[in-house]
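Subject: Structure handover

Hello,

Here is the structure I am passing on to you. Please open it first, then read my notes below.

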Amino acid sequence: MGTAAGDLIPVAQAQGGGFVKDETGAFVRSRLDEPALKAIAAATGDLRASGTQGEGLEFVFKTVLGSIANTI
């Protein structure tokens, strides 16, 4: 999710280590987007989850999309 100030995004040692860079070679900073997180929480009935490698977002998608898929 990041912080308001942002921080560099680490790359796992198994993937070469260092930090994520964009197509120009500049380091990418993760910044907190509080309005987007609030919108996601509102759309999911205030379902919240977090993790260091995106597993929180995966949990939200599986929970929400899984419940939608089960109603079809």
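A residue is called buried under 20% relative accessible area, exposed over 50%, and partly exposed in between (1.4 Å probe, protein chains only). By that rule, 8% of the 72 residues of the protein chain are buried.

Some ground rules. This is a predicted model, where local features need pLDDT of at least 70 and side-chain atom pairs count only at pLDDT 80 or more, while totals for chains, interfaces and linings use all residues. Residues are numbered from 1 along each chain as its sequence is written, and side-chain values use heavy atoms, with hydrogens and water left out.

Confidence comes next. pLDDT is the predictor's confidence in each residue, from 0 to 100. The protein chain has a mean pLDDT of 78, and 74% of its residues reach 70 or more. Strand 1 (residues 7-8) has the highest confidence, at 90. Helix 2 (residues 55-69) has the lowest, at a mean of 69.

Now the layout. The protein chain has two helices and two strands. Both kinds of element are DSSP runs, numbered from the N terminus: helices are H or I with at least four residues, strands are E with at least two. The order from the N terminus is β-β-α-α.

The term needs a side-chain nitrogen of Lys or Arg within 4 Å of a carboxyl oxygen of Asp or Glu. Lys38 and Glu34 are the partners, with their closest N and O atoms 3.5 Å apart. They sit four residues apart in helix 1 (residues 34-43), so about one helical turn separates them. Lys38 is exposed, at 55% relative accessible area. Glu34 is partly exposed, at 43%.

There is also one aromatic pair. Phe19 and Phe27 have ring centres 6.3 Å apart and planes at 80°, so the pair is edge-to-face. The cut-offs: rings of Phe, Tyr and Trp (its six-membered ring) pair if their centres lie within 6.5 Å; planes under 30 degrees apart are stacked, over 60 edge-to-face, and the rest tilted. Phe19 is partly exposed, at 40% relative accessibility. Phe27 is partly exposed too, at 46%.

One more contact figure. With contact meaning heavy atoms within 4.5 Å, residues 24 or more positions apart account for 29% of the protein chain's contacts with a separation of 6 or more.

Best wishes
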